[in-house]
Amino acid sequence: MHSDPESIRKSVRSYIAVFVLLMIFTVITVAVSRFHFGVPIAITVALIIASIKGSMVATVFMHLSYERKWIYGALILTGLGFLILMSVPSFTMMDHIGTPIHVEAPASAHGGH
Amino acid sequence: MDMNIPYTVEERPDSGLTNGKLGIWLFLASEVMLFGALFSTYIILRMGAPEWPHGELNVPLGTINTIILIGSSMTMVMAWASLKMHDWSKHRLYLIATVVLALVFLVNKYFEYAAHFASGELPAKSTFLAIYFTLTGLHGLHILGGIAVMGYFIGPGAKLYRKNPEQFTNRIEYTGLYWHFVDLVWIFLFPVLYLL
């Protein structure tokens, strides 16, 4: 682990770099959203940028680029749990019990909200 | 008899970590699951909704709050780095700046909520507003929690520095880990709720 003031001074430079990058990516996210791509592209682009920003915060600000293996172990388990949570929506969509599958609704019924 | 808490400064031989470091990461792991469950809920609600509102939220205010939170992460990491460089007064300055930024974030959020309430946009009005208030409300509570902890280390908690500066520095590091996590959640909340 880095503890001496000299290596901390070096890390401060990387904190500033990450801070500037995070600001730039924030501006890019907002700018891209003004282009009104189709929803699938917009979601993909926004989530890719958010993931880049998130991993910069985690690796540099939260020091994950040099951490002990117990932390990585805990995070691998967390990642697995998170993936399961994120796949719950698709399980829900695949589950048709109690849901009428092939109902041909009249076209006029869709605008009723 | 010495009744000090073990492994606050020296690392445990088996984990190679201080107990506090492992503790805060396990807590953050549980937080990932808490917010993950709500993100998953958001996906289900959005996929099941016949239509989803676009552009209902105040994007400039949301952008400003994103910048404020990223800035507060920067001041937080500097509050810790200053302690590592044995600069107490800079540490105080950065920690107070972090709390101020957190308070500004909440004030902005207050104005946003107030504008929604004034125009009758309550959680019960639509699925979007329900998940919007749930996610941002829970995130706001985390900001409040962070302010409470940082307030403690600005106030009564600060005297530990004279007794055991390394232990105090580690406490500030754990506070920072939590704070960066709260920033990280917002980095995902902002595009998901405001832009998509």
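Reply: The buried residues of α3(B) pack against α2 and α4 of chain B. "Buried" here means that 20 or more other C-beta atoms lie within 10 Å of a residue's own; with 12 or fewer the residue is exposed, in between it is partly exposed, and the C-beta atoms are placed from the backbone. Helices (H or I, at least four residues) and strands (E, at least two) are DSSP runs, numbered from the N terminus.

Before going on, please keep in mind that this is a predicted model, where local features need pLDDT of at least 70, side-chain atom pairs count only at pLDDT 80 or more, and totals for chains, interfaces and linings use all residues. Residues are numbered from 1 along each chain as its sequence is written, while chains are lettered from A and ligands numbered from 1 in the order in which they are written. The score pLDDT is the predictor's confidence in each residue, from 0 to 100. Chain B has a mean pLDDT of 95, with 99% of its residues at 70 or more. For the complex, the predictor gives an ipTM of 0.91 and a pTM of 0.91.

Now back to our helix. In α3(B), the buried residues are B:H91, B:Y94, B:L95, B:T98, B:V99, B:L101, B:A102 and B:F105. With its 31 residues, α3(B) reaches 45 Å from its first C-alpha to its last, close to the 45 Å expected at 1.5 Å a residue. That expected span is 1.5 Å times one less than the number of residues. After α3(B) comes B:G120, which has a positive phi, near 75°.

The largest nonpolar core has 58 residues, a nonpolar core being a set of buried Ala, Val, Leu, Ile, Met, Phe, Trp, Tyr and Cys residues joined through C-beta atoms within 7 Å. Among the elements giving two or more residues to this core are α3 (88-118) of chain B and, from chain A, α1 (5-33) and α2 (39-61). The largest share, 16 residues, comes from α6(B). B:V185 is one of the core residues that touch the most other members. Leaving aside neighbours within four places in sequence, B:V185 is in contact with B:F35 and B:H139, where contact means that the two C-beta atoms, placed from the backbone, lie within 7 Å.

B:F35 leads us to α1(B), as it is one of that helix's buried residues, along with B:W25 and B:F39 among others. What covers the buried residues of α1(B) includes α3 (69-94) of chain A together with α4 (127-154) and α6 (165-195) of chain B. The end C-alpha atoms of α1(B) are 44 Å apart, which agrees with the 44 Å that its 30 residues should span at 1.5 Å a residue.

Finally, let's turn to where the chains meet. The contact takes 39 residues from chain B and 37 residues from chain A. On the side of chain B that touches chain A, α1(B) gives the most, with 12 residues. By class, that side has 27 nonpolar, nine polar and three charged residues. Here Ala, Val, Leu, Ile, Met, Phe, Trp, Tyr, Cys and Pro count as nonpolar, Asp, Glu, Lys and Arg as charged, and the others, Gly among them, as polar.
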